[in-house]
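We will go from the whole chain to single side chains, one stop at a time.

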Amino acid sequence: MRTTLALTGAQHAALCAHLFPGDGREAVALMLCGRAVSPGRTKFVVNRIVPIPHHACERTDRRVTWPTAYLEPLLAEAAKRGMAVAKVHSHPGGDLRFSEVDDAADADLFGGVHAWVDDGQPHLSAVMVPDGTMIARAHGEDGTHAPLDHVGVVGDDLRFHRPPVHAAQAVPEFARRHAQAFGRATFEAMRHLRVGVVGCSGTGGPVVDQIARLGVGEIVLVDPDLVEDKNLNRIVNTTLADVGRPKVEVLAAFVERLGLGARVEAFPCDLSRPDALRAVSTCDVVFGCMDGVEGRDLLNRLATFYVLAYLDIGVMLDADGEGGIDQICGSVHYLQPGRSSLRGRGLYTDGMLEAESLRRQDPAAYEDRLARGYIRGVPQERPAVGAVNGLFSSLAVVELLLRLHPSRLDPNGDFAVQTLSLTAGFWQFAPEEGTDDALARYLGRGDMRPFLNRPHLDMLMRAA
Ligand SMILES: [Zn+2]
């Protein structure tokens, strides 16, 4: 069983500020956490932080005691909404482990939590040290506890804190050259990442190839299509013999053959199918490699509910079909939960979403409205060139590396969007700015009914 916790960069910064006020004494906060579950995987995601005021606690450099009056409203909310509670406290001396004092305090606390919430589900305890590193453990109903595999911080930078018992293993030979460039810690992080790739065609194919060679531990592939002759110009690692097989199956078989240890889960379906949504919800990072805007909108929503780092790749190749090229350009977006969204950044409009949804659900009505000029058409059968797709896929994978191992002269926050035009000859960057408030209210909500607060997805869940 893989169990993880994820929070945003802003939540992590708020915790640091509260837990280390500068007086060298311990402090404590509570958190309300959403849950995500897929087979063999459980992920907790931070929805809200409740700092316990310093003046209300008894604080020394070795322990902190606090009034449980702050816990009761949170327990009621957790029970009502099917969420978990977490306690996080600081060790100002830098000791990155649970002490005997912690063991005794947690046994007492979580005995009470389980009696109160009575849902049979685990709740969490965490420790933070002054450099911001966190460890966490899950407390079961039976009084046992188990360490979490990592605590992920999804902000401008990406950090995955692993407990010190997981001592670094030797870097295998295949990874020596990229570990030399991006550091041993980046290789270690890759090894334990669960990465989703939604869309496994022209841009998704090269992403899968590259992350598998970087040593990513788990890869989740989602794409409903079969390999066709027309795809062979751009999906890496597919051959004529693969025509007619699901794209995800061909890429999964390739990763298996590569033999570098990645575990693959393949979903030959739309992202909206329940098992695919659940598998992606327990990921750490997801690449969006889709043509349309409906899937992107859904993935941006999923990434917010489940605190995923989301890298979106878009390629635009405008040509007249006779060899005349109007433009070749593309973009890579890095999206962090609780901040701006693809829609907010103007990548698509509600009208485009509606047109695509109508075309899928009622093609006749779509054609009719299109003919009358009520809607703008959904682009189809765009030209595509493997070398161009591969360029943008590489930019996105490098973006992941630069977030894991910040190496730019300026902060990563300045590079939320990169747009590159091969025809106009520019490479531009835009910073992370503002918040999509409509989406941010679901930050770290995790599993709920209806799923993603979208009733039609709940119908699919029930049918599955
Ligand atoms: Zn402690």
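Predicted model: local features only at pLDDT ≥ 70, side-chain atom pairs only at ≥ 80, totals over all residues.

Our first stop uses domains, whose bounds come from an automatic or database domain assignment. Residues are numbered from 1 along each chain as its sequence is written, and side-chain values use heavy atoms, with hydrogens and water left out.

**Stop 1**

Now select 13-117, where UniProt, in an unreviewed entry, places the feature "domain: JAB". UniProt positions are given in the numbering used here, feature names are shortened, and annotations may be inferred rather than shown by experiment. Over this stretch the chain is 33% helix and 31% strand, and the C-alpha atoms at its ends are 29 Å apart. Helices (H or I, at least four residues) and strands (E, at least two) are DSSP runs, numbered from the N terminus.

**Stop 2: the largest core**

A nonpolar core is a set of buried Ala, Val, Leu, Ile, Met, Phe, Trp, Tyr and Cys residues joined through side-chain atoms within 4.5 Å. Buried means under 20% relative accessible area, exposed over 50%, and partly exposed in between (1.4 Å probe, protein chains only).

The largest such core has 49 residues; select Leu-158, Val-197 and Ile-219, which are among those with the most contacts inside it. Helix 12 (residues 386-404) gives the largest share, nine residues. Where does this core lie? It lies between domain 1 and domain 2, because both give residues to it.

Click on Ile-211 next: not counting residues up to four places away in sequence, it touches Val-195, Val-197, Val-216, Ile-219, Phe-287 and Val-397. Apart from this core lies another, of 33 residues, with Tyr-310, Leu-335, Tyr-348 and Leu-457 among them.

**Stop 3: helix 12**

Show helix 12 as a cartoon: its 19 residues reach 27 Å from first C-alpha to last. That is close to the 27 Å expected at 1.5 Å a residue, where the expected span is 1.5 Å times one less than the number of residues. Of the 19 residues, 15 are buried, so helix 12 is largely enclosed by the rest of the structure.

**Stop 4**

Select His-150, in strand 10 (residues 150-154). Is His-150 buried or exposed? His-150 is buried, at 2% relative accessible area. Its side chain joins that of Asp-284 through a polar contact of 3.0 Å. Such a contact is a pair of N or O atoms within 3.5 Å; within protein, one must be able to donate a hydrogen and the other to accept it, and residues adjacent in sequence count only if both atoms are side-chain atoms.

His-18 sits in helix 1 (residues 9-19) and is buried too, with a relative accessible area of 14%. The side chain of His-18 reaches the backbone oxygen of Ile-52 at 3.2 Å.

Finish at Cys-329 in strand 17 (residues 325-335), which counts as buried at 15% relative accessibility. Beyond its neighbours within four places in sequence, Cys-329 is in contact with Val-315, Met-316, Phe-392, Leu-420 and Ser-421.

Note on methods. Contact = heavy atoms within 4.5 Å.
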